Amino acid sequence: MWKERANYTSGGGDLEMVGTSSGGSTEDSVTFDDEFDDQGYSMPGAGQRRKLQTGKSRVRCCCWSFLLVAILALAVTYFFIPQGLLNQLVGSSSSDQDDNNADNSGARDNGSSSSSTTHSQVSKDAVIDNSAYQVTLQLPLNYIQGNMVLYQHRRTKTPVITILPYDREQDDVFGISFRTKPSNSHGAPHVLEHSVLAGSKKYPIKDPFTQVLKGSLQTFVNAWTADDLTSYICASRNDVDMKNLMSVYMDAVFAPLVVEGERGIPIFRQEGWRVEMNETGEPVFNGVVLSEMKGAMANPEEILGEFVKQIIFPDTVYQYNSGGEPKVIPDLSHAELIEFYKTFYHPSNAQVFLYGSKTTAENCLTQLDEYLSTYEPRPDIRNDSTIELQPLQDLPPTMLRIPIVAGDSSKVDNHQVMKSWLISADGNTTDDDFQRQNRLLFEVLDELLMNDKNGALYLALQNSGLAGSVKGGLDNSYLQWTFDVLATNVNGSNVQAVADLAHETLQQIVHQGFDDKDMEAAMNTVEFSYRDMSSSGGPRGIMLFMNVMQTWKFDLDPLTGFLSFEDDFQDLKQRVKDQGSDLFTAVIQDNLINNGHSAVMELYPDPLLAQQNEDEEQKRLIKLRQSQKFPTLLDQADSLAERQVTDDPPEMLALIPSVTVQDLAKKGYEPPILKQQDKDGSGVTVLVHEVASSFGIIYIDFGVDISMLEFDDIILISILAELMIEGGTDKYNVAQIARQIGTYTGGIKHEFLLHPILPPNATTQFLVPDGEHFHTKLFLRGAATKERGADLLEILSQIMFHPLLDSKERGLAILRERIAKLEQRLAGGTTLFPEWRIQARYSAFGFISEEESGVSSLPKLRKVLETAESDWASFLNRLTNMKNAILRGNRKGMILNLTGEKAVLQQIAPKVSRFLTKQLNDRGSETQLPNFAKAVHPWVPEAKQRMAADSPVRNEGIVMATKVNYVGSGAPLYGPYSAIPGSTAAVTQFIEYNNFMLQIRERRGAYGAFAMLDPWMGFLTYMTFRDPNVYESLRVYEEVPTYLKEQMQHSSTAIKLINSAIIGTIGSLDGSAPQPDRAGWTSMIDFLSGSNAKIRQRWRDDILGTNNNDFLEYAIRLHGWPATVGVGGPKNALLKEKDLNLTLIDEL
């Protein structure tokens, strides 16, 4: 996976992680942004500001990342076992703790330390005695609750960091990185990153990585290519499994088959690019990386990001597209790839990271030495990979105009404007002292300027009405830092006005300075982002790895970027105390206003560009066809095809290490939950989840029922919630509420929870809900240190019960931003829109999900914006009516969800009682609250009436300004009230790993393909991602029943396949070690949905008992499965698929 320019988030574009086991849909992205959100009805949408201070560097994940994402989709979509470390109950009340926890044979027998554990020196047990290494540093890191030891391999000087956490339930994480410097945009680092994982000396089969995953309990496997680094990383909670994964990874990077002359050419052609003849006898380009990059570089922000690098870094490695520019990827030769490998993949250019148990650390050092000891030290390689500095220069002040493919609708004026500065051009970022003194300074300034609640520059641009959305901020992932401001959805006549406004605003800020309270809020926000060690459900070690590598990759102190922030922050606080606002305004003056090393760029839509691009590719193919190398290219494609259809010998497959079914825990972990209904006579249900450690932070989710809202107002739920947070309250004005949130909390976000409820008779087995009984709640979700818990509750009360909605400026800005995000998703390509449109055809629940956040909401929101701009009073009245309806809601529909460690929960308990008895809205309980498990949700009748007209059962094509396709097919596989066994999860995963991986990805060149069975809807969906085909993928879908039957024909082979499917599915189900910000949330959803321990254990038992008959029954059920099609892609590609009878959705 190539590390693309990360989606900008509040505060300036922090990087979120990919590939964890607790969040996911069907997309590949560097962030867990919207594309990785769970299936609309269940889990968070826009995530809170992340803890990863890694800027906006571009990262692409390897081909295997889509396997990860699919695992994630399975793990969360099933939603049965929220993995938490909830050890004790707080207070006295009823508990839903099952005594099944006694049997958990697959888990480690480790005692977790509490959050209060501190160490003055590294434990002797944390230092590994291995003669091949010398210890160069050992340090207790109480802040992250772990012992760090830095080793150096004696022979090759390869550095190895190990962090052994006090909490031994955390996932083991292994990562190995090589500093890589492309010399062009052919994509060598990216293609190599894919290719090394497709066969190695020790595991000489076609796809060792896929094979090991089939029998793995992994919680994260991935690889990514950044502008200056290539990393390979994996995680597991099982020591044996982790040893297996490390073995495959190490052999892949140190002994790959792709660099072995003729033997490596088929791998290169599969993963990189190839020429093959299509069904009409015409030559076409194909290849996994080529398809991936065609999709990536159709995204306007990716295009702009690459041009920014060319302008800002004209003399360094950053000018090149490390992922590969689609137009020149076919210039990459196999010889160039081999030379790139020899230049950079050497132990002397490697850095190794290990977070986890002592056993895994010992295994890591031993396994690693087996490879390193065969190499000679090459310090020259590390020197040659040094990233060069960009000299400071005054760039031309003229605006650079860049064309992009225009959408098919004239309604969208999608100009984008970016101003970018090189803010450390003198090379001072290469000094450790500078890093410590200024990294946090610039990050706080980033908050002051670009925080999406009260950033001065952000608000000036967003509230101006000149842009649909504003993004950007500090990027400190490069050797020299940059600062960007991006305005999207800008009218062509306003482009220069946006650039001028940015400059004028910065001058005004310097003149006026920052308010002391704004600086305090920004300081707290940044400090909290470091203290909050939750990682959105993914392995904590992944977060630490990414932060360590941010500075370590430049051979700077690995502690600088993240691990030593406490002392650095105290120094910054003293500087702010001494200098006040002048500290920050001086930085703005020197690095932004007076900095000539900057550029302004505009993206503008060109209606002719799509055809021009297609014509250019055809001309290149014609030229290739006339060249002498064309027969060789076809021969290589034929050799690849033969390799792909030839089964690996059984004796070679037997080399792949795997855990066994016998290693799996028979019973799943059931976290205890304290339920207090009508707490303190308030009518509110309080849920308490104790975790082993929350790092002194309390996580609070406060939700209210919103079922009383009108159906037409569904599309405004997020608009209302955002305005409630940002628009001020009876007590605080717009600026003050932002300061309160920044000063006293770690942030507050809203969450629309739409989730089905199990049928009342589903007591011991999962029964498919009927799509008419579900919860609709609006949540405010926040976090704070334990000392600030009361402040967080007070702010939540103000926002929920005393909001002011009359800020026209903020209201219009929020509407424009919502529309802009939908349009950007559409422009960049997404699986979610076609996936949701398919689901909307079959149930009221699916229709409502799509209505709220799918593609059909876009034209409706545009009409709302027109009304709001011309008649604000009317729009305000509509929002006010929604707010008042919510305030009249019954308190029994309210829920307060608390998650934290024992001391935190004890400290918050009296404050919760005060909140419930003194701070709740006194208008509650004016309306009756239906029992939604028995009563049909009030939105259902209207949804059913509209489904026939708005979402008929038909095939649809959604026009996107992309170069590749997103091909979906789906329908219910199990009807309402049907008993759906857990074995279906294993079969569904088998379809993806064993069929789609080979047929769609490897043979047909799609970047990813997924099979997802959602038991909450009984709905099966197939989907491809960045797919050069349409019909060919649909044909693979149709052949799944036959494929399943064929695979079950031979009993000995079938048993192995079934066991692998069982292992992988249990691994997905158990997932990563729970992080505090997710543990309580997922447990709460189980409570609301009616799921219980017996149902979840039955599901697990079914998976463990999966057999041949389960596969055959699945195949039988697929015969006659009434699937319909949803495809997203370029209009010309959709029009060619006449046999599909697609209804085009192109006026968007």
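L365 touches I128, N130, Y133, Y151 and V160, leaving aside residues up to four places away in sequence. Contact here means heavy atoms within 4.5 Å. The model is predicted: local features need pLDDT of at least 70, side-chain atom pairs count only at pLDDT 80 or more, and totals for chains, interfaces and linings use all residues. Residues are numbered from 1 along each chain as its sequence is written, and side-chain values use heavy atoms, without hydrogens and water.

L365 lies in helix 9 (residues 358-372). Helices (H or I, at least four residues) and strands (E, at least two) are DSSP runs, numbered from the N terminus. L365 has a relative accessible area of 0% and is therefore buried. Buried means under 20% relative accessible area, exposed over 50%, and partly exposed in between (1.4 Å probe, protein chains only). Between L365 and Y151 lie 214 residues of sequence separation, yet their C-alpha atoms are 9.4 Å apart in space.

E851 sits in helix 26 (residues 844-853). This residue is buried because its relative accessible area is 4%. E851 touches F711, I715, S856, S857 and K860, again not counting residues up to four places away in sequence.

Strand 24 (residues 956-959) is covered on both faces. E956 and I958 are buried on one side, and G957 and V959 on the other. In a regular strand, side chains alternate between the two faces of the sheet. Strand 24 runs parallel to strand 28 (residues 1124-1129), joined by 4 bridges. Pairing requires at least two bridges found by DSSP. G957 stands opposite V1127 of strand 28. Strand 24 also pairs with strand 29 (residues 1143-1145), in the parallel sense, over 3 bridges. There, E956 has T1143 as its bridge partner.
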